[in-house]
Amino acid sequence: MKRNKRRRPTGARRSTFAAFALILGGGGLVAVNAVASATGGGPGGSPVGAPGAATISCPDVGQELTDVPEAARADVDKALAKLDQQITEAYDRLTSTREEQTQDANHVQDAILGPLSEQRTAVIGEIANYVKQAGATAPASLDGLAPCTAVAPAQARNEGDGDGDGDGGQDGEAGGEAGNGQDGEGQGGGQPDDNGNGAAGPFAQDFVDITKVQPNVQAKPRKTGKASTGTFTVECGVNENKIFNTDNLIVAPGVDNGAHHTHDYVGNQGVDAFASNDDLANAETSCSEQGDKSSYYWPVLRVQDGTQEFDAKQQGGGLEGNVGRILAADKAEIQYVGSPTGKVVAMPKFLRIITGDAKAFTNGTANANAHWSCTGFEDKVQLTDKYPICPQGSSVVRSFAFQSCWDGQNIDSANHRAHVDFADADGNCRNGFKAIPQLTMRLVYDVPAPVIKNGQVKNPYAVDGFPEQLHKPITDHDDFINVMDEDLMDEVVDCVNGGRPCGAGAGAGEQPQEPQKPEEPEQPKQPEEPQKPEEPQEPQKPEEPQQPEQPEEPQEPQEPQKPEEPEQPEQPQQPEQPEEPRDEPETAPEESSTDKDPADKPGAAETPQTPPSSAEPRVVATPTQAAEASGGAGGVEAKSGATKSAEAEVEAAGEEAPSEQAQPQPRAASGGLANTGATLWPAAAGGVLFLGGVVLLIYNRRRNMNTN
């Protein structure tokens with residue numbers, strides 16, 4: 001048998017091998033950590049240097065245009081729509097250049113906000129020229145409205161704004177932004193900021209368990225003896241005909257896709273951006289009262305469950321972040337009510353009213369009028385800047401109370417708000433305005449309860465909106481064009497002033513509910529309190545969206561505990577040391593997102609007008625969102641021209657929201673100590689191993705020299 005001539009390694013050789021192993025292992029750890037840091041491999045897959053812009057906030061130019069000559073209005077409306085389109089395109093660039101933003105801190109300002117400001121300057125100049133050509137002078141304030149600002153992720157998620165009215169938990173994303181493009185697929189695709197839903201918002205803290213919110217509904221103004229206490233109810237269905245489009249005939253007439261989100265329509269069946277008053281008067285109606293051809297429309301509500309709706313690949317739908325299954329309302333209750341202080345006069349035909357602000361997240365709350373609640377809670381809790389998570393057996397309710405005072409002359413105004421107003425806290429119209437029958441609406445939905453866990457929300461529901469508004473609940477709004485014939489409007493006024501319940505569902509047996517109308521007793525009549533059933537639709541204005549939720553318990557930014565120190569280099573017998581520090585750092589909850597397709601939409605602005613304090617629900621309570629940097633270019637809504645069925649039903653998760661949603665958790669923001677430790681410890685450990693290997697190699701070499 002041949003003798004094996006291979007030399008067995010001596011102790012010195014083993015020590016040398018161990019030294020090289022330590023050097024290679026340590027160097028490898030350092031290299032891998034450097035690559036991970038450069039490519040954004042922080043915990044949760046987010047870039048360590050994630051960009052600080054979640055969305056864009058631009059001043060609302062339309063808000064300043066309270067007096068535009070009639071001859072210039074069409075051109076001005078189209079120019080305002082162009083401003084909205086510019087914001088949409090800039091937001092798309094913001095969400096599609098996340099990688100560039102991590103590498104260049106000035107990218108947002110230089111490549112997005114700067115060019116946007118230049119584009120807006122040009123369009124604002126056009127608006128001033130249109131006004132001048134019509135013989136008027138544009139407000140001097142327009143000159144300073146071109147620059148836009150970036151909204152930070154903390155503002156987009158309502159973090160750190162001090163309001164915290166029942167925040168529903170934090171999304172826990174490390175360095176994630178709230179704004180993200182989406183491709184209409186309803187699934188995450190690679191951006192770190194879509195919360196896994198394929199859309200920019202809503203986020204965990206946009207929801208609150210309504211059972212944990214303290215009652216916040218204020219009492220209504222006391223009715224005087226002159227009050228008009230009657231009601232007139234119209235039944236127009238819940239859009240069974242599936243009439244959808246993304247136009248807004250009020251704010252952006254003549255502009256295709258002026259809203260950048262999809263609307264439900266009931267009543268008038270012929271509404272789009274190009275409909276004239278004659279078109280509206282000659283259209284069909286879904287209302288049981290055929291004399292009511294009014295248009296009642298509002299943004300659709302969706303569950304972001306991955307369903308591919310008919311508009312998943314269209315502007316105003318999936319291409320602009322409005323994804324998921326469109327929910328049909330179980331009820332759409334429409335009722336006209338009176339004034340607590342006097343008689344009402346007839347609305348003029350073709351009167352236009354917008355209530356709420358589609359851009360309230362960036363515009364601020366001056367014109368916000370969102371009201372969210374649950375059946376069984378409406379008389380106790382109304383939310384303005386939170387979506388409610390309702391208990392089992394309770395449904396989500398959106399409610400609206402429109403402006404009830406009219407200037408007596410105009411059916412519209414340049415900013416679509418100045419011709420109507422809310423009554424003051426006592427229920428009186430000011431500035432010579434006249435009380436008109438107040439339109440109230442109540443929309444009831446069977447919504448699968450979203451589940452919030454570890455700061456992430458699964459299958460959330462959200463209102464459609466402009467992409468940069470991040471589907472915030474405070475942006476909910478409603479639109480109305482009066483197209484009742486004169487005889488029917490006179491009947492509405494007679495019923496309201498006469499204290500009678502009329503219209504759909506009003507029967508003789510209900511008459512006793514109306515208190516006998518006093519001629520004019522000085523003191524308010526107590527019997528009128530039973531009137532409550534007659535005005536169920538007027539959502540009471542919450543003083544403040546309360547904060548039932550307890551302050552967050554810090555969520556562990558999951559960082560690995562300190563790795564065990566590698567063995568001292570003096571002990572060469574253990575070459576396996578390089579393996580020890582390879583514990584993987586724990587990561588924050590994964591984030592997935594989708595690439596955003598360009599959203600080239602025109603849009604005009606719903607111009608907010610400083611509202612008076614009012615007892616009407618329009619007076620919003622303190623919202624938790626802090627990004628009130630003037631406003632986006634308004635509330636123009638948009639058209640997807642499709643009247644196609646939205647039936648693609650994908651089973652939505654109907655799980656009840658766990659209590660975790662009431663526990664806001666701090667975000668492991670990039671750059672924080674927790675994140676720094678989690679990302680740098682592998683490099684530190686690698687450095688120790690590398691140095692240990694070098695020391696061991698030198699030690700072996702000297703020992704060999706001494707022995708030789």
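In this predicted model, Lys82 counts as partly exposed because its relative accessibility is 34%, a value between the 20% limit for buried residues and the 50% limit for exposed ones. Its salt-bridge partner is Glu126, with 3.4 Å between the closest N and O atoms. The two residues are 44 positions apart and connect distant parts of the chain, Lys82 belonging to helix H3 (residues 70–96) and Glu126 to helix H5 (residues 107–133). Glu126 is likewise classed as partly exposed, at 27% relative accessibility.

**Salt bridges**

The structure holds 13 salt bridges. Side chains of opposite charge can pair when their charged atoms come close.

| Pair | N to O distance |
|---|---|
| Lys82 and Glu126 | 3.4 Å |
| Arg302 and Asp464 | 2.7 Å |
| Asp476 and Arg398 | 2.6 Å |

Arg302 and Asp464 meet in a salt bridge through their side chains. Arg302 sits in strand S8 (residues 301–303) and Asp464 in the loop between strand S21 (461–463) and S22, so this contact ties together parts that are 162 residues apart in sequence. Both Arg302 and Asp464 are buried.

A salt bridge also joins Asp476 to Arg398. Here the link spans 78 residues, from Arg398 in strand S14 (residues 396–401) to Asp476 in the loop between S21 and S22. Asp476 and Arg398 are both buried.

**Strand S7 and its neighbours**

Strand S7 (residues 295–299) is largely enclosed by the rest of the structure, because five of its five residues are buried. Cover is present on both faces: Ser295, Tyr297 and Pro299 are buried on one side, and Tyr296 and Trp298 on the other. S7 runs antiparallel to strand S6 (residues 263–267), to which five bridges join it; Pro299 of S7 is the bridge partner of His263. Three bridges pair S7 with strand S22 (residues 477–481), again in the antiparallel sense, and Ser295 has Ile481 in S22 as its bridge partner.

**Partly exposed sites**

Gln218 lies in the loop between strand S3 (207–209) and strand S4 (231–234). Its relative accessible area of 33% makes Gln218 partly exposed. The C-alpha atom of Gln218 is 9.6 Å from that of Val381, although 163 residues separate the two along the chain.

Glu486, Asp487, Asp490, Glu491 and Asp494 make up a negative surface patch. Of these, Asp490 is located in helix H9 (residues 486–498) and is partly exposed, with a relative accessibility of 40%.

Methods:
Residues numbered from 1 in each chain as written. Predicted model: local features only at pLDDT ≥ 70, side-chain atom pairs only at ≥ 80, totals over all residues. Heavy atoms only, no water. Patch = residues over 30% accessible without salt bridge, like charges linked within 9 Å, V, L, I, M, F, W, Y side chains within 5 Å. Areas by Shrake-Rupley, 256 points an atom, 1.4 Å probe, with all protein chains shown as cover. Salt bridge = Lys/Arg side-chain N within 4 Å of Asp/Glu carboxyl O. Lys, Arg positive; Asp, Glu negative; His and termini not counted. Charge placed at Lys NZ, Arg CZ, Asp CG, Glu CD. Helix = DSSP H or I, 4+ residues; strand = E, 2+ residues; numbered from the N terminus. Buried < 20%, exposed > 50% of the residue type's maximum accessible area, 1.4 Å probe, protein only. Pairing = 2+ DSSP bridges.
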